[in-house]
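Subject: Handover of a structure

Dear colleague,

Please find the structure below, together with its sequence. The notes after it set out what was found.

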Amino acid sequence: MGASTGAKRRLTPEDIYNITLVSDAQISPDGRHVAYTQTILDKEKNDYRSSIFVVPVDGGTPRRFTSADARDSFPRWSPDGSRIAFLSNRTGKSQVWMISVDGGEATQVTDLPEGVTYFAWSPDGSTLALVSKTEAAQLEKREGDEEDEEKSDVVRITRIRFRADGVSGFLDDKRSHIWCIPAAGGDPWQVTSGDFDDAWPVWSPGGHEIAFVSNRTEDREYNTVSEIWAVPARGGEARPIATGDDAYFGRPVWSVDGAAIAFAGHRQPEAGGAIDSHVWVADGGATRCLTEGLGRTVGDAGINDTFASANPGLAWTPDGWIYFQVSDSGNTHVYRVPAGGGDPSLVVGGQRRVLDFSLSPDGSRIAFVAGDPLNPCDVYVCRADGSDERRLTAVNEEFFSSVALSQPEEFRVPSHADDRAEIHGWVMKPIGFEPGRKYPLVLEIHGGPHGMYANHYFHEFQLLAAQGYVVVYTNPRGSQGYGTEYASYTRAAWGEKDMPDLMAAVDYVIEQGYVDPNRLGVTGGSYGGYMTNWVIGHTDRFNAAVTQRCVSDLYSFFGTSDIGFNFGAYEWGGVPWEVRENYVRLSPITYVENMKTPLLIIHSEEDYRCPIAQAEQLFISLKILGREVEFVRFPNENHNLSRSGKPKHRVERLQFILGWFQRYL
Ligand SMILES: CSCC[C@H](NC=O)C(=O)N[C@@H](CO)C(=O)O
């Protein structure tokens with residue numbers, strides 16, 4: 001299915017303007033309404049606009065609650081359900097605003113100089129806990145440092161983390177801390193302090209304490225630890241909940257009686273996303289893992305180009321269940337596990353990606369946002385056991401009824417590697433597909449490397465199918481959603497161990513008989529860009545390639561990416577001076593003389609995750625070698641150009657990709 005156009009038109013790059021995104025479904029305290037964020041791409045302003053909407057769970061028309069020419073997001077109901085607090089940038093910085101459920105104008109609650117990135121209602125509705133930056137303890141002054149009167153533009157860097165993708169300039173010496181403010185407005189007070197970054201405050205049910213996420217280890221400058229702490233709401237000394245050099249924890253949530261805290265993560269901080277996360281409980285005794293035998297990672301590892309992020313936490317119900325997301329074989333589902341121990345079970349399943357969810361305080365209903373291959377997102381509601389599911393919005397129904405989409409077909413195929421491991425993938429036939437004809441094929445490769453292609457709408461893929469390409473995408477070894485062994489398989493073997501998986505998928509699709517094997521293309525972003533470079537350095541089977549936000553040389557990537565030096569130390573088996581040979585052997589640029597495939601290089605100038613020098617080195621080398629290569633640079637964009645870049649740039653990027661494949665395939 002999905003191959004014929006019928007009366008429908010074909011998708012175009014500009015259609016990103018026709019797609020509405022919903023996110024962050026928050027069910028009201030009485031379980032009767034769901035508040036959510038709705039985001040559109042404003043073509044005229046070349047920007048994004050988002051508003052808060054509320055929809056009744058029994059059906060009915062969603063009501064728009066905010067309509068500023070700004071980005072309103074993160075709606076959170078007051079515990080009595082009479083107000084919704086939300087974040088808005090309408091006065092410049094992101095601050096907390098409040099609106100009554102009876103309507104009327106929103107009022108500003110906070111006016112913190114550094115803005116607010118996160119907040120939570122106290123259980124009695126009197127206070128909001130906030131996250132905002134504060135001045136750090138003064139750095140030691142050196143002789144010759146400027147005094148305040150005359151500021152220099154010279155940047156003095158003393159910390160190992162000094163730059164972050166998406167943040168212009170350099171990181172300052174301010175620290176994120178927990179603050180509180182009366183919900184009715186008033187003076188805020190700072191709850192935590194010191195040379196730490198504190199995040200994700202969650203009130204204890206009695207309202208006396210706030211749990212939060214921090215790294216307070218001695219060696220925090222050099223490690224990637226993430227701990228759970230709790231602090232008295234009025235301020236005071238923080239107490240450890242789940243801490244230490246082996247903590248990689250987040251998303252804390254209190255039990256209803258306040259005696260325990262659950263959280264997600266694992267005990268190998270240096271491994272990051274390369275191993276499965278679990279659900280844990282700390283109740284004063286030993287910390288217990290509740291999902292040991294699950295074999296899948298907790299959280300959403302899905303990757304696509306058409307979503308608005310919400311990043312939900314865990315939920316703990318009064319009858320003792322803990323709810324959480326699980327990434328499983330290209331789907332993201334909601335599971336639950338008894339807090340006292342027992343088997344985790346599936347609650348919200350299906351061939352789809354559940355992007356976020358929330359539970360009513362009585363634990364009887366779940367609101368969630370989910371997308372599938374033919375629909376980026378809508379808001380749904382169901383009972384606590386997953387039954388009686390209903391869709392509450394249809395934000396893209398009208399648009400998608402007018403364009404032809406290709407339905408991905410799933411396959412599983414043995415890898416070309418000696419172990420013949422099973423590899424999971426999808427193929428999309430081109431729109432207007434006619435049996436008996438041969439079509440060009442484009443292989444798409446995801447990043448991470450520990451991300452996961454999902455059963456989720458992907459505009460770039462649909463666009464290629466609309467332009468007459470067979471699109472193939474897989475979750476090769478290194479991907480999340482298939483267990484720790486699968487995800488960590490590429491450690492110190494990037495490219496070497498996943499290319500045979502990718503090529504098995506390509507050959508499987510060619511064997512189906514509708515692909516022209518002389519018209520093969522390959523593309524991917526970030527680690528997918530690395531793999532695009534790797535693939536064309538190891539085979540001449542592809543006739544065109546587009547490498548996006550790529551890495552080409554691991555040696556110069558080390559220390560120049562905001563991902564941190566620990567990333568390479570884990571992924572490539574050590575730091576350069578310890579395992580120099582790995583850095584050379586695993587760098588695509590090492591094989592640059594073998595690269596004969598016409599290559600388009602797309603890169604953002606402010607990409608601090610994969611700095612643009614990675615693209616420049618590749619471009620210059622290929623030019624010197626006399627290869628067919630072009631370099632497209634996007635100014636004022638970061639690593640997330642394809643997902644949250646300026647809308648006009650997102651359209652142009654898609655046009656460049658299509659143009660290159662049209663030229664060479
Ligand atoms: C090649 S090193 C950096 C890879 C990067 N990892 C995390 O940020 C990556 O592959 N990112 C993916 C997934 O987010 C991307 O699509 O940008």
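The largest nonpolar core has 103 residues, and Val34, Leu128, Ile210, Ala262, Ile322 and Phe368 are those with the most contacts inside it. A nonpolar core here is a set of buried Ala, Val, Leu, Ile, Met, Phe, Trp, Tyr and Cys residues joined through C-beta atoms within 7 Å. A residue is buried if 20 or more other C-beta atoms lie within 10 Å of its own, exposed if 12 or fewer, and partly exposed in between, with C-beta atoms placed from the backbone. Apart from this core lies another, of 78 residues, which includes Leu11, Ile303, Tyr473 and Leu599.

Please note that this is a predicted model: local features need pLDDT of at least 70, side-chain atom pairs count only at pLDDT 80 or more, and totals for chains, interfaces and linings use all residues. Residues are numbered from 1 along each chain as its sequence is written.

Contact requires the C-beta atoms of two residues, placed from the backbone, to lie within 7 Å.

Helices (H or I, at least four residues) and strands (E, at least two) are DSSP runs, numbered from the N terminus, and two strands pair if DSSP finds at least two bridges between them.

The sheet of eight strands has the order 31-32-35-33-36-37-38-39, with mixed pairing. Strand 31 (409-414) and strand 39 (629-634) stand at its edges with a single partner strand each, so one side of each is left without a neighbour in the sheet. From one strand to the next, the twist averages 20 degrees. Angles run from 0 to 180 degrees between N-to-C directions, and axes are lines fitted to C-alpha atoms, for helices over the stretch in contact. Strand 38 (residues 599-604) pairs with strand 39 in the parallel sense over six bridges; Ile602 has Val632 of strand 39 as its bridge partner.

Helix 2 (residues 459-466) lies across strand 32, strand 33 and strand 35, at about 150 degrees to strand 35. Seven of the eight residues of helix 2 are buried, namely Glu460, Phe461, Gln462, Leu463, Leu464, Ala465 and Ala466. These buried residues pack against strand 32 (422-428), strand 33 (439-445), strand 35 (470-475) and also helix 11 (647-664). After helix 2 comes Gly468, with a positive phi near 100 degrees.

The other sheet has four strands in the order 13-14-15-16, with antiparallel pairing. Its edge strands, strand 13 (199-203) and strand 16 (239-242), each pair on one side only. Strand 14 (residues 209-214) and strand 15 (residues 227-232) are joined by six bridges, and Glu209 has Pro232 of strand 15 as its bridge partner.

Ala199 is found in strand 13 and counts as partly exposed because it has 17 C-beta neighbours inside 10 Å. Leaving aside neighbours within four places in sequence, Ala199 is in contact with Tyr118, Val131, Ser176, Phe212 and Val213.

Finally, the ligand is surrounded by 14 residues, the closest being Gly447, Gly525, Ser526, Tyr527 and Val551; a residue is near a molecule if its C-beta atom, placed from the backbone, lies within 6 Å of it.

With kind regards
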